[in-house]
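Here is a short tour of one protein model, written to be read with the structure open beside you.

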Amino acid sequence: MEDSAELESILPYLPLVIGSSRRLLWPSKVVEALEAMSRGPDHSRVNCGEVLYIAISDMRASLSLADPLSLSAPLGYALFFDELMSEADSRKWFAEDIPKLANLLLRLPSLLEVHYQNSRAYGYGLRILGPQQPGMVLLSQELIGALLACSLFCLFPISNRGLKHLPTINFDQLFASLYDSYSESQENKVRCIICYFQRICYRICLI
């Protein structure tokens with residue numbers, strides 16, 4: 001993959017690395033975890049919110065993300081997927097949607113490479129824009145879905161986001177607040193996000 005100023009500006013905020021061949025890639029341990037999840041809960045054992053959070057923590061360790069997540073995040077993931085979500089919906093989420101999201105995440109490096117190849121001539125690539133800096137970024141629906149899946153899995157590095165005054169991006173605080181200060185509106189907010197991922201997974205099946 002050719003170097004670009006756009007990619008260089010965003011790379012410190014992505015969970016990917018540049019390999020020896022100058023291609024974007026996931027670390028091998030993350031690939032193993034995502035491949036296991038893509039084959040379903042019989043292979044990954046990710047069949048509930050509690051185990052999902054453990055898988056998230058393991059992937060973060062493989063990415064060397066030292067910044068701690070919200071203390072109540074594991075309780076929030078367990079609360080939503082294991083108690084607030086119906087048993088039937090939870091089974092479907094872990095049997096069908098999590099494998100599709102894992103597959104989508106495995107494709108993130110290639111989705112980004114295609115994105116930068118297509119945007120090179122027009123300057124619409126994903127990048128950091130400074131305050132009051134004009135610019136346009138055009139992303140495909142699949143790439144948006146993959147980036148948001150990174151948020152769901154809390155895979156974005158956050159240690160240097162404050163330097164650019166970037167807002168919170170991982171979903172750990174969202175799930176933590178569901179446990180710490182439950183409200184119906186907060187639950188509905190999480191349900192709306194999960195519904196988005198389910199629609200993305202359905203669309204993936206149609207492609």
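A residue is called buried under 20% relative accessible area, exposed over 50% and partly exposed in between, with a 1.4 Å probe and protein chains only. At 2% relative accessibility, L7 therefore counts as buried. L7 sits in helix α1 (residues 5-10); helices here are DSSP runs of H or I with at least four residues, strands are runs of E with at least two, and both are numbered from the N terminus. Between L7 and Y116 the C-alpha distance is 7.8 Å, although 109 residues separate them in sequence.

A word on the ground rules: this is a predicted model, in which local features need pLDDT of at least 70 and side-chain atom pairs count only at pLDDT 80 or more, while totals for chains, interfaces and linings use all residues. Residues are numbered from 1 along each chain as its sequence is written, and side-chain values use heavy atoms, leaving out hydrogens and water.

**Overall build**

The protein has ten helices and two strands, in the order α-β-β-α-α-α-α-α-α-α-α-α from the N terminus. Of its 207 residues, 44% count as buried. Along the principal axes, the C-alpha atoms fill a box of roughly 50 × 35 × 30 Å.

**The aromatic rings**

Rings of Phe, Tyr and Trp (its six-membered ring) pair if their centres lie within 6.5 Å; planes under 30 degrees apart are stacked, over 60 edge-to-face, and the rest tilted. By this rule there are nine aromatic pairs, including the Y53 and Y77 pair, which is tilted. Y53 belongs to helix α4 (residues 49-62) and Y77 to helix α5 (residues 73-84), so the pair ties together parts that are 24 residues apart in sequence. The pair of F80 and F81 is edge-to-face because the planes stand at 90 degrees with the ring centres 5.1 Å apart.

| Pair | Centre to centre | Angle between planes |
|---|---|---|
| Y53 and Y77 | 5.7 Å | 50 degrees |
| F80 and F81 | 5.1 Å | 90 degrees |

Both Y53 and Y77 are buried, as are F80 and F81.

**The core**

A nonpolar core is a set of buried Ala, Val, Leu, Ile, Met, Phe, Trp, Tyr and Cys residues joined through side-chain atoms within 4.5 Å. The largest one has 58 residues, and those with the most contacts inside it are W26, Y77, F81, W93, L152 and F153. Helix α6 (residues 87-106) gives the largest share of this core, seven residues.
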